[in-house]
Amino acid sequence: MKRKKLVYVGIALSLLIGHYLGSSISMFHEIRDVPMAKQEYSADESSVTYVGHATALIHLNNLNLLTDPVYSETVCFIIKRHVLPGIRFEDLPVIDAILISHEHWDHLDKATLKRFDKKTPIIISKGLEKKLESMGFTDVRGLDYEEHTTLGNVRITAYPVAHRVSKSSSYLIEGDKTIYFVGDSGLTDKFRFIGDNYDVDATLLPIGAYRPRLWFIPGLSVAMRTQHMHPEDIPSAIEMINPDMMIPMHYGVFKLTYEPVDEPLAIFEEVVRKNDLKSKVRVLEPGEKYSIRGEKG
Ligand SMILES: [Zn+2]
Ligand SMILES: [Zn+2]
């Protein structure tokens, strides 16, 4: 009898593991190339260039800030990217600082970080400094929530998000323009603090990885959505942050969860249409640049 039970447990486990593998992982797809013109970043321009997933190049006060850089073809040993980074690594301008939201492998990728000059300042959540210092980085700035650091005339402040991991931060970046970057987060009323206290010109928000592998088990979808926003959560996030422009991220590059890789953007575009948000939203192709114009205030 005991043995029979073990067999059943074995079959159930195999089904679950098979489901997990089959739904999430593909090692055999082609990686889509994105032939983009090499971008120029003029001194007085404020811009956001989308590289892919949570990686973006923010050009502000003539500084180049890179968020959550991931250039690896495969991460976590088996998850292969679907789209090449929108800026080739060799074409990146000199990076004045790297911002890391949290330590999940699709945000903190050691293989990519190793390729940067070890003097590059790294801004990271307090408590995670050692991870970078042990790699040889000499200017690692761990920020607690509401703490800030400065680079030239740019001030970067960490704010909490809804993402259950040792420490996860969003960053408010204030210079000639104000940009709010969120790496991973569920929808949270913490966003309201940003909208109430700052005049945000552009915000980068994640829209993918909301459907758990075992989505048919009741409760799991709800649980996942508390960690990663669904595109349908974005109108509320926009209402709270009140930015001039919202740029979606964290979709289409790595298939982390059960939803098809192109689903988040398709749902997002539908949500934008239904909620009449077209003028507030800018979808960027990898490599595409959004120039932030208009006066602040
Ligand atoms: Zn995460
Ligand atoms: Zn993520």
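**Strand β13 and its surroundings**

Q: How many bridges join β12 to β13 in this predicted model, and which residue of β13 is the bridge partner of Phe181?
A: Strands β12 (residues 178–182) and β13 (residues 202–206) run parallel and are joined by three bridges. Tyr180 stands opposite Thr203 in β13. For Phe181, the bridge partner in β13 is Leu204.

Q: Which residue of β14 is the bridge partner of Thr203?
A: β13 also pairs with β14, in the parallel sense and over five bridges. Within β14, Thr203 has as its bridge partner Met246.

Q: Which residues of β13 point the other way from Ala202, Leu204 and Pro206?
A: In a regular strand, side chains alternate between the two faces of the sheet. Five of the five residues of β13 are buried. Ala202, Leu204 and Pro206 point one way, and the other way go Thr203 and Leu205.

Q: Which strands stand at the edges of the open sheet?
A: The sheet has six strands in the order β9-β10-β11-β12-β13-β14, with mixed pairing. Two of them have a single partner strand each, so one side of each is left without a neighbour in the sheet: β9 (148–151) and β14 (245–249).

Q: Within what arc do the buried residues of α6 fall, seen down its axis?
A: The buried residues in helix α6 (residues 234–241) are Ile234, Ala237, Ile238 and Ile241. An α-helix has 3.6 residues a turn, so residues three or four places apart point the same way. Here the buried residues line one face of α6, because they fall within an arc of 100°.

Terms used
Residues are numbered from 1 along each chain as its sequence is written. Chains are lettered from A and ligands numbered from 1 in the order in which they are written. This is a predicted model: local features need pLDDT of at least 70, side-chain atom pairs count only at pLDDT 80 or more; totals for chains, interfaces and linings use all residues. Two strands pair if DSSP finds at least two bridges between them. Helices (H or I, at least four residues) and strands (E, at least two) are DSSP runs, numbered from the N terminus. A residue is buried if 20 or more other C-beta atoms lie within 10 Å of its own, exposed if 12 or fewer, and partly exposed in between; C-beta atoms are placed from the backbone. The arc is that of the directions from the helix axis to the C-beta atoms.
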